[in-house]
Each structure stands twice: as structure tokens, then as C-alpha cells.
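Hi,

Here's the structure I said I'd pass on.

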Amino acid sequence: MAEFVDADNAEAIIARIEHKSQKIESLLKRSKPVEALKTALEGSPPNTRDERCKSANWIVVHRALMTIKDVDGMFSSLDPEYYDILMKLHSSCST
């Protein structure tokens, strides 16, 4: 089981999420929403109990999802690895 980071490392996680967000915005501007979603899901969910990190990460994933017009088609074409990450992320944010 992966170790959780404490709040002291939360700022580093948020900085990585901000960097990931910039990369995603660039992909979205180039009309690559599925690539943006895959980028958003990489390294998700963060191994932390810090709710700020979890929320920031979910916002990035949600931003990428909202640009996809054919969500059903995207789910059917998404690699199982990314689908599993998305479902785990969703369940951790729902609790």
C-alpha cells in the first residue's frame, strides 16, 4: 500500500497539479480532449489525506471531462488503466 503524504507535502502536490493543469489547458486549446483527460488522470488520485489536494486534482480531471462531447465513446475507447483510475478518483471524491 502506498504511503500517504502529510500536509507538509501538500504544497508540493498542489504545485504538481497546477503544472498538470497548464499542460491540460494546452492540450484542450489544441483540441485534444482525450489526451487532456489521460494527462489529468496520470498520478491520480494523489496519495494524501489532504482534501485540498484531492479537490484540486478532481477539478483538473473534471475540466478535461467537460470538454469531451462523446463521453460514452470516450469511455469505450479509454484504456482500462485510465478507466480504473477515473473510477477510483470518482469514488474517493464521492465519499
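Let's start with where H1 and H3 touch. On the H1 side the residues are Ala10, Glu11, Ile13, Ile14, Ile17, Lys20, Ser21, Ile24, Glu25 and Leu28, and they meet Arg52, Cys53, Ala56, Asn57, Val60, Arg63 and Ala64 in H3. Sorted by class, that contact has 10 nonpolar, 2 polar and 5 charged residues. The axes of the two helices are 9 Å apart and the packing angle is about 5°, so H1 is roughly parallel to H3. Bear in mind that all of this comes from a predicted model.

Some context on the whole chain before going further. There are 95 residues, and 33% of them count as buried. The secondary structure is 5 helices and 0 strands, which reads along the sequence as α-α-α-α-α. If you take the contacts with a separation of 6 or more, 68% of them are between residues 24 or more positions apart.

One is Cys53, which lies in helix H3. Is Cys53 buried or exposed? Its relative accessibility is 0%, so Cys53 counts as buried. Cys53 and Ile14 are 39 residues apart in sequence, yet their C-alpha atoms are 5.9 Å apart in space.

The other spot is a salt bridge. Searching the whole structure turns up 1 salt bridge, and the side chains that form it are those of Arg63 and Glu25, at 2.9 Å from N to O. Which parts of the chain does this pair tie together? Arg63 lies in helix H3 and Glu25 in helix H1 (residues 10-29), so the link is between parts 38 residues apart in sequence. Both partners are partly exposed: Arg63 has 36% relative accessibility, and Glu25 has a relative accessible area of 27%.

With H1, the axes come within 8 Å and cross at roughly 170°. Angles over 145 degrees count as roughly antiparallel, so that is how H1 and H2 run relative to each other. In this contact Lys20, Lys23, Ile24, Leu27 and Leu28 in H1 meet Pro33, Glu35, Ala36, Thr39 and Ala40 in H2. The classes here are 6 nonpolar, 1 polar and 3 charged residues.

With H3, the story runs like this. The axes of H2 (residues 33-41) and H3 (residues 51-66) come within 8 Å and cross at roughly 165°, so H2 and H3 are also roughly antiparallel to each other. The crossing in which H2 passes H3 is left-handed. Ala36, Leu37, Ala40 and Leu41 in H2 meet Asn57, Val60, Val61, Ala64 and Leu65 in H3. What classes do these residues fall into? There are 8 nonpolar residues, 1 polar and no charged.

Which residues of H2 are buried? They are Ala36, Leu37, Lys38, Thr39, Ala40 and Leu41. After H2 comes Gly43, and its phi is positive, near 75°.

Cheers

Conventions:
Residues are numbered from 1 along each chain as its sequence is written. This is a predicted model: local features need pLDDT of at least 70, side-chain atom pairs count only at pLDDT 80 or more; totals for chains, interfaces and linings use all residues. Side-chain values use heavy atoms; hydrogens and water are left out. Axes are lines fitted to C-alpha atoms, for helices over the stretch in contact, and angles run from 0 to 180 degrees between N-to-C directions. Helices (H or I, at least four residues) and strands (E, at least two) are DSSP runs, numbered from the N terminus. Angles under 35 degrees count as roughly parallel, over 145 as roughly antiparallel, 65 to 115 as roughly perpendicular and the rest as oblique. A crossing is left-handed if the near helix is turned anticlockwise from the far one by less than a right angle, and right-handed if clockwise. Contact means heavy atoms within 4.5 Å. Ala, Val, Leu, Ile, Met, Phe, Trp, Tyr, Cys and Pro count as nonpolar, Asp, Glu, Lys and Arg as charged, and the others, Gly among them, as polar. A salt bridge is a side-chain nitrogen of Lys or Arg within 4 Å of a carboxyl oxygen of Asp or Glu. Buried means under 20% relative accessible area, exposed over 50%, partly exposed in between (1.4 Å probe, protein chains only).
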